[in-house]
Each structure stands twice: as C-alpha cells, then as structure tokens.
Amino acid sequence: MPFTASDICKIILAFFLPPLGVFLERGCGADFLINILLTILGWVPGIIHALYIILKY
C-alpha cells in the first residue's frame, strides 16, 4: 500500500497533535471524539489511535 504525501503529513501531525490527524482523516465524528478522550488520558494512546485510524482508512 503506497502512501501519498497527504498520508505522510497526517502521520507527522498525529505525533504532535493526534486529534488533528484524526480530524483530517475522518472529520468531526466518533473517531475524533474518542481520540480527544484518549489524548487527554495519555499522549501515547492518542498517538496509537490516530495512527491506527490514518493507516486503516
């Protein structure tokens, strides 16, 4: 599966602002809200969830 330039930008954003990476991939929905909650609970779970969402879709 080749990555596009936008995928790479979203992955980089996911390391610094996980909810922004999810928002750019899926919009303002359940995945975005889950990621905000995970990021508040701990930075690493937010990053893992963001990478999962970006790489899955």
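Which residues does proline 19 touch, not counting residues up to four places away in sequence?

**View 1. Proline 19 and its contacts in a predicted model.** Proline 19 touches Phe32, Asn35, Ile36 and Thr39, leaving aside residues up to four places away in sequence, where contact means heavy atoms within 4.5 Å. This is a predicted model, in which local features need pLDDT of at least 70 and side-chain atom pairs count only at pLDDT 80 or more, while totals for chains, interfaces and linings use all residues. Residues are numbered from 1 along each chain as its sequence is written, and side-chain values use heavy atoms, with hydrogens and water left out. Proline 19 is found in helix α2, helices (H or I, at least four residues) being DSSP runs numbered from the N terminus. With a relative accessible area of 17%, proline 19 is buried; buried means under 20% relative accessible area, exposed over 50%, and partly exposed in between (1.4 Å probe, protein chains only). Proline 19 and glycine 46 are 27 residues apart in sequence and 7.5 Å apart in space, C-alpha to C-alpha.

**View 2. Helices α2 and α3.** The axes of helix α2 (residues 18–26) and helix α3 (residues 30–41) come within 9 Å and cross at roughly 170°, and the two helices are therefore roughly antiparallel to each other. Axes here are lines fitted to C-alpha atoms, for helices over the stretch in contact, with angles running from 0 to 180 degrees between N-to-C directions; angles over 145 degrees count as roughly antiparallel, under 35 as roughly parallel, 65 to 115 as roughly perpendicular and the rest as oblique. Pro18, Pro19, Val22, Phe23 and Arg26 in α2 meet Asp31, Phe32, Asn35, Ile36 and Thr39 in α3.

**View 3. Arginine 26 and tyrosine 57.** Arginine 26 lies over the face of tyrosine 57, at 3.9 Å from the ring centre. A charge sits over a ring if NZ of Lys or CZ of Arg is within 6 Å of the ring centre and within 35 degrees of the ring normal.

View 4. Aspartate 7 is buried, with a relative accessible area of 16%, and lysine 10 counts as buried at 13% relative accessibility. Not counting residues up to four places away in sequence, aspartate 7 touches Glu25 and Ile54, whereas lysine 10 touches Gly21, Leu24, Glu25 and Ile54.
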